[in-house]
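Please examine the model shown below together with its sequence.

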Amino acid sequence: MSENKLLVTFSPHIRDSVQTDKIMLNVIYALIPAIAVSIYYFGFFALKTYILTIIFTLAFEALFLKIRGRRITLDDNSALVTAILLAMNLPPASPWWLILIGSFIAIVVGKQVFGGLGQNPFNPALVARVFLLISWPAQMTSWIKPTPIIENFNFDSVSAATPLSQAKTELISNGKILTDFSDASAYFLGNIGGSLGEISAIALILGGLYLIYKKIISWHIPVSYLASFLIIVIPYWLFFPDKSLSPFIHLFTGGLMLGAFFMATDMVTSPITKKGQIIFGVGCGVLTAVIRLFGGYPEGVSFAILIMNAFVPLIDYYIRPESLGEAEKV
Amino acid sequence: MTNGFIGGIHPDYKKTLTADKPIEKLSYEKDEIVSVPLSQHIGAPAQELVKKKEQVLCGQKIGASKGFISTNIHSSVTGEVVSIGNLNSPLTGKVKGINIKISNPEDSPKQIDTGKKFQDLILEAGIVGMGGATFPTHVKLSPPKKIDTLIINGAECEPFLTCDYRLMIESTEEIIKGAKIIQDELKIEKLIIAVEDNKPEAIKAFNKYIHGFNFEVKALPTVYPQGGEKQLILSVLGRIVPEGKLPLEVGVIVHNVATCKALYDAVENGLPLTERAVTVTGAVKEPKNLLVKIGTPVSKLIDACGGYVGEPEKIVIGGPMMGFSANTTDMPVSKATSGVIVFRKEDLPSLKMTNCIRCGRCVSACPMGLVPAIMEQFAISELYERLLDWHVLNCIECGCCSYVCPARRPLVGYFKTGKRQVMNIVKERENK
Ligand code: SF4
Ligand code: SF4
């Protein structure tokens, strides 16, 4: 009888329909608004960067798994997420070799040497970004001017400093900020210089809200991150208005929104409990504020998140929620 | 007052397959064989009282309780003992049991002596918790502490199962009377019948009796595992049962609706526990709720439902969340068998495993506030001391963590085995 081969497994015998690949796919969906804005403002440059990053990243993932004799798990979509996030962390006009090196660092150094999906302590895209930033600072900070595709197809690589870097430069050379950044409403939409995925705060917030709505991420990290960041930045700006950008510009420029909604919330490299996530978010917020206000780099998001990534095992180890009716330790 | 517990899940309940099907009495023929297991409860198996070739009457005691945590076993049919041997069991693989060939299929159970003291009568009738845990009921009815509230568990939170639901509609009065007997015997102040709000008919049925009897009906939110004792007590009373302790610690006892019915039948009619309602559902032609004699082979239940639809891939005894998958249908119904669910390949979820992506879903789903993802790491690396420190013993094995895991980690499986190892550590420590 056919029953002789009845399947025997541990309970439960039914499962939720959500699987790893779908979660990753949802992250990609959430990034679509930001991708769209970057293509709108950087056109061909943006497309090229996305395509090259995806090809290189997936190729490195497949190659490495093959060399290690493992099943090629591109279908879990995790490498694709890394690829898109990496592209978003690169300047729009990145040369192909920069993308190649970045993809290698992200996948091989950032992820696979630790054992692949789920095992990496640091966000792979950020590892690559910081590595490139330190090794090729010039290429990594050569921003081009955003030009809406509806206006002009000819992209001139007019360099356009990001508000953060310009402010930092002025602060270092003059001791205070000279440029008037008060008319900054366009920044919110994405009309600024910067990495592909950083420019449009509104697109990133939309994507982030989608992830929260879909229960892929929870509010704990973004909210604690942004709140703790503002708690430092607002008073500082009130006391030293000529040494600091307004909190509004701080919030909506640079990698903050990308960081708060997509990089810090990377589930693999953030704490597993809600309480741990709040500690992590606060750490990210404080570090980002401190680096931006007092550090040598204009931008602190990547460093802040990577530093906090290092504390995640510790947080996970010590922040154990109390279980129901918990007894004293025996 | 806290109302409801943390965590939990909302699976697809699939109860409509059988919710409207009245419990149907399964019929038996002469010469059919039933196989009554001697261990149908937590605790020591019963001692057999009959020999091969012996004639037994329906309701006759054929297994005697051995020790305090144990209970009696009765023949569910009149017939001849053809053999005593090993039966298949969903729990332990094999269990000793008595095979009886039916001689008179129409016989109803012979009465037990109802003159005894309450608890002894329940033991005599062989009643166990019929919600799945199969704890001998007489033990639960001998609390060493003052109990102020009796909760009757009509949550039936497992998907697919509807046998308790039907019982609540069809035997409402017996259930209430059974509960009242417990309440009176143990002098319990308060009686609450708790039902999930996806069973409005059952709630209505109980409400009809509120005036005649003095009790409260509580509609609970539908969420798995609402019927878990600790979750139920938290939802109904806002009381937290301490880890490793029984409900009586907080002045509560919980009994399942089917148990109450069995208790009523024993006290009022002198009937031992020889049959139970079973939901047979999933990929069978006609899903049903069946009233089945203990010891009936599962294959007979499936035949009674018109056989399979398509090719069976997995057969679950009990509910889909906590039940056991059986490797054969040549397995008897026991006092614990609440359901038989047939799955075809296409009904089963994909179990494609990836590494844990640390999404934290298991943490949010755990109704006991545990951290399954981290406990899994300890279990894999056999760090049982750490597993103990993370309170694995508080795990109620509800399976919520595995259910939600997108990486399809077999979390609860690890904790089931891990708990055994951890118990050994605890025992060793106590012996020191
Ligand atoms: S649900 Fe699964 S993948 Fe997510 S954290 Fe828990 S074990 Fe890991
Ligand atoms: S099986 Fe245990 S660890 Fe998993 S959700 Fe249930 S109580 Fe929590």
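In which loop of chain B is B:His391 found? B:His391 is found in the loop between α11 (384-389) and α12 of chain B, where helices (H or I, at least four residues) and strands (E, at least two) are DSSP runs numbered from the N terminus. This is a predicted model, in which local features need pLDDT of at least 70 and side-chain atom pairs count only at pLDDT 80 or more, whereas totals for chains, interfaces and linings use all residues. Residues are numbered from 1 along each chain as its sequence is written, chains are lettered from A and ligands numbered from 1 in the order in which they are written, and side-chain values use heavy atoms, with hydrogens and water left out.

The backbone shows several exceptions. Most residues other than glycine have a negative phi, and most peptide bonds are trans. B:His391, although not a glycine, has a positive phi of about 60°. In chain B, the peptide bond from B:Tyr224 to B:Pro225 is cis, with omega near 0°, and B:Pro225 is placed in the loop between β11 (216-220) and α6 (229-237). In chain A, a cis peptide bond runs from A:Ser11 to A:Pro12, with omega near -5°; A:Pro12 belongs to the segment before α1.

The ligand sites come next. Ligand 1 is surrounded by 14 residues, the closest being B:Cys356, B:Cys359, B:Gly360, B:Cys362 and B:Cys405; a residue is near a molecule if one of its heavy atoms lies within 4 Å of it. Because residues from chains A and B surround ligand 1, the site is shared between chains. Its shell divides into 10 nonpolar, one polar and three charged residues, with Ala, Val, Leu, Ile, Met, Phe, Trp, Tyr, Cys and Pro counted as nonpolar, Asp, Glu, Lys and Arg as charged, and the others, Gly among them, as polar. Ligand 2 is surrounded by 14 residues, and B:Cys366, B:Cys395, B:Cys398, B:Gly399 and B:Cys401 are the closest. Helices α12 and α13 (411-431) of chain B each supply at least two residues of the shell around ligand 2. This shell comprises 12 nonpolar residues, one polar and one charged.

Attention now turns to open space. On a 1 Å grid over the protein atoms alone, a pocket is an open set of points with protein on both sides within 12 Å along at least five of seven lines, a cavity is a set where a 1.4 Å probe fits but cannot get out, and lining residues have an atom within 4 Å of a point. Points are joined across faces, edges and corners, and a volume is the space filled by probe spheres set on them. The second largest pocket has a volume of about 790 Å³. Its lining has 30 residues, and A:Lys214, A:Lys215, A:Ile216, B:Arg361 and B:Ser364 lie nearest its centre. Two or more lining residues come from each of α8 (201-213), α9 (220-239) and α12 (274-294) of chain A, and from each of α9 (361-365) and α12 (400-404) of chain B. α9(B) gives the most, with three residues. The lining has 15 nonpolar, nine polar and six charged residues.

The largest cavity holds about 290 Å³ and is lined by 23 residues, of which A:Met24, A:Val81, A:Leu85, A:Asp266 and A:Val268 lie nearest its centre. In chain A, α1 (20-67), α2 (78-88), α4 (124-135) and α11 (256-263) each supply at least two residues of this lining, and α2(A) has the largest share, four residues. The lining of the largest cavity divides into 15 nonpolar, six polar and two charged residues. The second largest cavity has a volume of about 90 Å³. Its lining includes A:Leu164, A:Lys168, A:His250 and A:Arg292. α6 (163-174) and α12 of chain A give two or more residues to this lining, and α6(A) gives the most, with four.
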